[in-house]
Amino acid sequence: MSELRLRAVVADRGVDLEFSVAAGEVVAILGPNGAGKSTTLHVIAGLLRPDDGLVHVGNKVLSDTATGIFVPAHARRVGLLLQDPLLFPHLSVAANVAFAPRSRGRGRRVARQAAAHWLKQVDAAELADRRPRQLSGGQAQRVAIARALAAEPDVMLLDEPLAGLDVAAAAAIRKLLRGVLAGNGRSALMVTHDLLDVLTLADRVLVLESGHIVESGPAATVVAVPRSHFAARLAGVNVVSGTLDDGGVVRADRGARWYGRPAGDTPPQRGQPTIAVFAPAAVAVYRDPPHGSPRNTVAVTVAEIDTRASGIRIRADQQPDGAPGLAADITTDAAAELQLAPGEQVYFSVKAQEITLHPA
Amino acid sequence: MFAAASLKSSFTEIGERFKTDNPGTSVAFSFAGSSDLVTELTNGATADVFASADTKNMDKATQAGLLAGEPVNFASNTLVIAVAAGDPKKIGSFADLNRPGLSVVVCAPQVPCGAATQRVEDATGIRLNPVSEESSVTDVLNKITSGQADAGLVYVTDARGAGDKVTTVPFPEAAGAVNTYPIAVLKRSANSEVAHKFVDLVTGEAGQKILAQAGFAKP
Amino acid sequence: MSQPAGLPRWIYLPAAVGVLFVALPLVAIAAKVQWPQFFSLITSESSRTALLLSLRTAAASTTLCLLLGVPMALVLARSEGWLVRLVRPFVLLPLVLPPVVGGIALLYTFGRLGLIGQYLDAAGIRIAFSTTAVVLAQTFVSLPFLVIALEGAARSAGDRYEMVATTLGARPTTVWWRVSLPLLAPGLVSGAVLAFARALGEFGATLTFAGSRQGVTRTLPLEIYLERESDADAAVALSLLLVAVGAVVVLAVGVGRLRDE
């Protein structure tokens, strides 16, 4: 059983955080570039010494600045999988996978058997005698996973492993990771920018911004009701922050008022910071101020117009408090009729029924 | 003016004298190993006068048809043992050079001073066991002055030129291996008259005095 | 004849001039050789001794260059510290020094009265005028070649493979033998060839530091220098021999590289 506990302060990267990952759990780390995600992984792997902090895996202390303990990286049993598979070019696929057992002193035959076993696990047994340069991106990443698992790590760290792959290869690897990532009581930490990774692989999500954790929670919750700007952007969910007022109204910055239904399980309290959450599909777009039943209407400036599988997404300028701009999904026909362009002012309107209010 | 390296200081002085005696003339010297100079001349280099450190190289020049007339012998040089200043290893004779534990440096037989060394070895029957055979006398002298070698065989003129950095130990057998220095005007010379004047100065009283001061003997 | 993409046609002219400039003098040597006597000239006792000595000492100094140069190159490539940056120019100094100056410097270090030499001499270890001195002189001038060739290769390879190997559980020494060195192999080979070629042709430092004695310190270049004084034909023949040996070495490695690709 290997629970991971981490506290790390790295002054010159501006990182200061603390969290734990339960045994068998997969935690996704999200955040903008430079937030400190890779730094966190490097501290856990032992490739970077924090100024202050500790790393515990199970009941083993890997590093503790208070007592001066620092287990070197090669003794940590922490596996690392990067965007670049980094297979050793001078070794065959089988020799690559056998590298970890051989480095630990296992005999040649035992290592070969282990390599064959793990290659089978990742469905790459037929690649055993090939050289890394003969493999496609997806095949190479598959072998890299087998190689990392052959080291029998207690913790698996992944840094955007699917980012360099095409959609089909990424889907295949994602399926593979689902099967092997958290077997054997191993804990896993994955840095990703892909919502699909979060949805299919992660149990929990940590959102990092500027070296600090700004959101943490079960994957489904964070994606449905994101409380951090980055998560909101990634999940494609509209979030407006404010304070809960009388009559179930969220008073946002500059006095805008948002009517919605309080969330059933955890209703927000009056006077407390509250967020109004709604899907882009619930937003209607008007050129002129609409008259009708929707009570939530706001004037926005169009920032981006993207095509989606289901139609067009109109994204407005960033919200006054720095939150991502509101998004509206409309049909292609409707967009053609409106003839919108970035920089124009339109009105977003949402039915109160479509908005849920949660504590911030 | 192509001249053997061992003639450097004396010929430079003679050159100065020549300029004073013949105002308006200029003398340019090229000092190098005699064999190098012959090679340059046979490959087309132009010069007015050639002074060699031995007759062998002058013969080569004659055979190559480079000379305007007959060469004239103007000086001779004898070998001498050079040791560190003060002679700490107490070397007194040619035979002493074979003492075990001594580092002796000589010229290689292919160069004039080495040929002379070999003649002494042949005459005395004593075969030296040098740690190095250099291609130029200067290198031999340097190894002694820098303390790398205990003793070496150089020309009298070189030893004198090194001043008190070395102590010289003359030995009688050197008389059997004297190098005669000839000088000749070259066919390719553009100023044959001036060239002849220079040769006259070298063989004349003034030139001979300068050569004698440097340690050269009469031819 | 198809042209490589992107090269303007006039480029071939200076390129051809350059090739001719290097090739013609070598052709001239071959033309000057007295072919009937060639074989006897290069198989004379002094020639054979000089050639064998050159090959032996060049091999020894290349080995020494590898033993010292590989660690040097990697430290220089991977370290960021100011101390390393300070040391780097010194390592490359022998490249710009005339070899004779290198020889003088070695003399003042290892010679009988030298900085270190005086203590070695007291202990009964004599370096000057020995074959060891030849190897030292050759190593001194060849080391920068190896270090530069290797440092470039090490820098571009980066340290990411080493990082991965570490996370897979390999101790630093294991990483060195199983990852760092194998990845450097191409750079190692070309660096070693450069060093060997430079050592083979080394003259100025050897002459000044080691002296010249048949079988002990008179390498092929020194033998040529000496023969020049009396037997021009022998000098030319030996020069051609040295060119041929160098060409064989360079070609052998070149063919090996082509085969790898």
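I began with the separation of the two domains of chain B, and in this predicted model the centres of domain 1 and domain 2 of chain B, taken over C-alpha atoms, are 27 Å apart. For the bounds I went to the domain assignment, which gives domain 1 of chain B as 2-76 + 181-214 and domain 2 as 79-176.

Next I looked up where the two domains meet, and I noted nine residues of domain 1 of chain B in contact with 11 residues of domain 2 of chain B. On the side of domain 1 of chain B that touches domain 2, I listed three nonpolar, five polar and one charged residues.

I then turned to the sheet. Which strands form it, and in what order? I wrote down five strands of chain B in the order β7-β6-β8-β5-β9, forming an open sheet with mixed pairing. At its edges I found β7 (132-134) and β9 (166-169) of chain B, each of which pairs on one side only, and the twist from one strand to the next averages 35 degrees.

I looked at one pair in detail: β6 (residues 104-107) and β8 (residues 151-155) of chain B run parallel and pair over two bridges, with Val104(B) opposite Ala151(B) in β8(B).

Last, I followed the helices that pack on this sheet. Helix α4 (residues 112-124) of chain B touches β5 (79-84), β6, β7 and β8 of chain B, and its direction makes about 115 degrees with that of β6(B). Helix α5 (residues 137-145) of chain B touches β5, β6, β7, β8 and β9 of chain B, at about 140 degrees to the direction of β8(B).

Technical notes. Residues are numbered from 1 along each chain as its sequence is written. Chains are lettered from A and ligands numbered from 1 in the order in which they are written. This is a predicted model: local features need pLDDT of at least 70, side-chain atom pairs count only at pLDDT 80 or more; totals for chains, interfaces and linings use all residues. Two strands pair if DSSP finds at least two bridges between them. Helices (H or I, at least four residues) and strands (E, at least two) are DSSP runs, numbered from the N terminus. Axes are lines fitted to C-alpha atoms, for helices over the stretch in contact, and angles run from 0 to 180 degrees between N-to-C directions. Two residues are in contact if their C-beta atoms, placed from the backbone, lie within 7 Å. Domain bounds come from an automatic or database domain assignment. Ala, Val, Leu, Ile, Met, Phe, Trp, Tyr, Cys and Pro count as nonpolar, Asp, Glu, Lys and Arg as charged, and the others, Gly among them, as polar.
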